Amino acid sequence: MKKLLTTKNFRLYPTKEQKRLLDKELKFYRHYFNALKVAIAKRREESLIPLVEKDIIDVCRATKEKILKLDFDFKKYYYQSHIKFATDNMMNAFKYPRKKGLKRYHLKKTTIKIDDPSCYVMLNHLYFKNNIKIKVRPKVETLNGVSFYTITKNREKYYLTAVSFVDQIRVKKTGKGCGIDVGFRNGLILFNTDGEVDEYKFQNCKVDRLFKQAEFYKKTIEHLEEQNKNYRVSKNYQKVTNKLARTYERITNIRNHEYNLISEALALKYDLIVVEDLEIEDIYKGNVKRYEISKASYGRFFDYLKNKCQKYGKYFIKVPRYYPSSQICSECGVVHKEMKNYRDRKMMICECGHKEDRDTNAAKNILRYGLEELRRRNQNSKDKYKKPKNMEL
């Protein structure tokens, strides 16, 4: 049986003494992670050629040897675990660097990983470090089969995440498939094998109000940056930054709850779900609806959809990024390059007489590509993929 990774999130309510211990853990992790950043930056200045992965590993090893020479009480704190977690995060940061040109706000958020077997959750408390009890909400009696825990501090609040591996859930097959196209006017356009067309548009009055509030906080931060060069030290900057982080946290929670419900309903209804691989930066260029696109966060929704398909044993296929789904006529297969310009053409009008909405036509082509890809996989490996019954376009 295939194992899937699942997480459960909790809120921690530590006392003053427990906060002091948790802050000591987080402080050591942050200290070592910053030491790695400084060592790598210094190595880049000294090197005449760009660094490779092997050089980063050498820097991490040398920094770890320096830290281990210092006098720390390893029996009391999980410093070894924090060193390994910081090294892994630094390697991931090197492999997947952040995109340049994006405005980022400095938030005091730190996460540590605890894989000690003596750490467990029981009777609404987190037990660790010689039976230290920290209150946990929501209430839970016992958590079994947990691989490791992560503790996160965000704006003086503490959160616990329990990561575990569970078996795949088997549900009854429906024999249906669907293709999903991202339409900037109508949200998500869904076309299934029964010939039905559905629309899913992420609209929430609370989210709209919170986005306007976030824009106000951003303008306030820009004003503070212009007035004061040492704006990071000022209390007003920290207050507004915390308010901005709190606003985005509320937006994320509302949106994730909605995405979770929609993705689970789609995964239970269809055996095959085909989506397009989007490059959001290319979509932003010359698009009037960029604000609506950023509010929807389609990439996160597709991640939820992929996880739900894995959970229930359904097929999830992504169409290649440069597949011209909106330029192909779904009836005769002729490519119309003029359909690439979204502002000029909102209807697919082909010489064969086919006339249809642009997004619905693209959803049909996406579904057809997914069915062909599924048949191709069936021919290559019959044991891994099974063709759903009665699934024809």
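This is a predicted model: local features need pLDDT of at least 70, side-chain atom pairs count only at pLDDT 80 or more; totals for chains, interfaces and linings use all residues.

Student: Noted. At what angle do H1 and H2 pack, and how far apart are their axes?

Tutor: H1 covers residues 16-46 and H2 covers residues 53-69; they pack at an angle of about 130°, with 10 Å between their axes. That makes H1 oblique to H2.

Student: Let's move to H4 and H5. At what angle do those pack?

Tutor: H4 and helix H5 (residues 235-269) meet at an angle of about 155°, and their axes are 9 Å apart. The cut-off for roughly antiparallel is over 145 degrees, and H4 and H5 are therefore roughly antiparallel to each other.

Student: Which residue classes make up the contact of H4 with H5?

Tutor: By class, there are 13 nonpolar, 5 polar and 7 charged residues in the contact of H4 with H5.

Student: And what's the hand of the crossing of H4 and H5?

Tutor: That crossing of H4 and H5 is left-handed.

Student: What span does H4 reach from its first C-alpha to its last?

Tutor: H4 runs over residues 205-227, which is 23 residues, and reaches 34 Å from first to last C-alpha. That is close to the 33 Å expected at 1.5 Å a residue.

Student: Which residues of H4 are buried?

Tutor: The buried ones in H4 are Val207, Leu210, Phe211, Ala214, Tyr217, Ile221 and Leu224.

Student: Switching to the sheet. How many strands, and in what order?

Tutor: There are 7 strands in an open sheet, ordered S2-S6-S7-S1-S5-S4-S3, and the pairing is antiparallel. At the edges stand S2 (109-114) and S3 (120-122), each with a single partner strand, so one side of each has no neighbour in the sheet. From one strand to the next, the twist averages 35°.

Student: What holds strands like that together in general?

Tutor: Strands of a sheet pair through backbone hydrogen bonds, either parallel or antiparallel.

Student: Okay, S1 then. How many bridges does S1 make with S7?

Tutor: S1 and S7 (residues 157-167) pair in the antiparallel sense over 10 bridges.

Student: What about S6 and S7: how many bridges join them?

Tutor: S6 and S7 pair in the antiparallel sense over 8 bridges, and Tyr149 stands opposite Ala162 in S7. S6 and S7 also form a hairpin with 2 residues between them. In that turn, Arg155 has a positive phi of about 55°.

Student: I care about backbone torsions before I set anything up. Where is there a cis peptide bond?

Tutor: A cis peptide bond joins Arg137 and Pro138, with omega at about 5°. Pro138 sits in the loop between S5 and S6 (146-154).

Student: What phi does Leu123 have?

Tutor: Leu123 has a positive phi of about 55°, although it is not a glycine. You'll find Leu123 in the loop between S3 and S4 (125-128). Asn124 lies in the loop between S3 and S4 too, and Asn124 has a positive phi of about 65° without being a glycine.

Student: Is Leu123 buried or exposed?

Tutor: Leu123 is exposed, with a relative accessible area of 53%, whereas Asn124 counts as partly exposed at 23%.

Student: Last topic, contacts across the chain. How far is Ser81 from Asp115?

Tutor: Their C-alpha atoms are separated by 7.4 Å, and Ser81 and Asp115 are 34 residues apart along the chain. Ser81 lies in helix H3 (residues 79-95). At 14% relative accessibility, Ser81 counts as buried.

Student: And how far apart in space are Asp303 and Ser263?

Tutor: Asp303 and Ser263 are 9.4 Å apart, C-alpha to C-alpha, and 40 residues apart in sequence. Asp303 is found in helix H8 (residues 298-312), and Asp303 is partly exposed, with a relative accessible area of 45%.

Definitions and conventions:
Residues are numbered from 1 along each chain as its sequence is written. Side-chain values use heavy atoms; hydrogens and water are left out. Two strands pair if DSSP finds at least two bridges between them. Helices (H or I, at least four residues) and strands (E, at least two) are DSSP runs, numbered from the N terminus. Axes are lines fitted to C-alpha atoms, for helices over the stretch in contact, and angles run from 0 to 180 degrees between N-to-C directions. The expected span of a helix is 1.5 Å times one less than its number of residues. Buried means under 20% relative accessible area, exposed over 50%, partly exposed in between (1.4 Å probe, protein chains only). Angles under 35 degrees count as roughly parallel, over 145 as roughly antiparallel, 65 to 115 as roughly perpendicular and the rest as oblique. A crossing is left-handed if the near helix is turned anticlockwise from the far one by less than a right angle, and right-handed if clockwise. Ala, Val, Leu, Ile, Met, Phe, Trp, Tyr, Cys and Pro count as nonpolar, Asp, Glu, Lys and Arg as charged, and the others, Gly among them, as polar.
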